[in-house]
Amino acid sequence: MTEKARKEKVCLEEQCAEQWETMSPELKAQCGPFVYCPFCAGDMVIRCSACGETIHDSTFNFCPWCGTGFKE
Ligand SMILES: [Zn+2]
Ligand SMILES: [Zn+2]
């Protein structure tokens with residue numbers, strides 16, 4: 001498997017998804033270390049960019065759901 005996935009930090013609240021959409025890519029790039037969503041203060045979750053499943057351990061090198069390797 002050569003395709004690499006990214007670990008995306010996201011908020012699962014639907015209202016926040018729109019706010020995140022409007023954020024510039026530069027700003028989004030700084031959101032990686034966030035623990036709480038800046039729009040609703042909810043927990044941020046890490047998601048596999050390949051399959052969209054939630055990853056519960058940020059130290060994983062591979063997605064446990066689709067087997068895609070993560071690039072750091
Ligand atoms: Zn949120
Ligand atoms: Zn995956």
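Modeller: Helices here are DSSP runs of H or I with at least four residues, and strands are E runs of at least two, numbered from the N terminus. In this predicted model, the elements accordingly run β-β-α-α-β-β-β from the N terminus on.

Biologist: How many helices and strands does that give?

Modeller: The protein has two helices and five strands.

Biologist: In which order do the strands of the open sheet lie, and why are E2 and E4 said to stand at the edges?

Modeller: The three strands follow the order E2-E3-E4, with antiparallel pairing. Strand E2 (7-10) and strand E4 (54-55) each have a single partner strand, so one side of each lacks a neighbour in the sheet.

Biologist: How do you know that the radius of gyration agrees with a compact globule?

Modeller: For 72 residues, the expectation for a compact globule is near 11 Å; the protein has 12 Å, and therefore the two agree. The C-alpha trace spans about 35 × 20 × 20 Å along its principal axes.

Biologist: What share of the residues is called buried?

Modeller: A buried residue has 20 or more other C-beta atoms within 10 Å of its own. Of the 72 residues, 7% are buried.

Conventions
Residues are numbered from 1 along each chain as its sequence is written. Chains are lettered from A and ligands numbered from 1 in the order in which they are written. This is a predicted model: local features need pLDDT of at least 70, side-chain atom pairs count only at pLDDT 80 or more; totals for chains, interfaces and linings use all residues. Two strands pair if DSSP finds at least two bridges between them. The radius of gyration is taken over C-alpha atoms; the globule rule is 2.2 Å times the number of residues to the power 0.38. A residue is buried if 20 or more other C-beta atoms lie within 10 Å of its own, exposed if 12 or fewer, and partly exposed in between; C-beta atoms are placed from the backbone.
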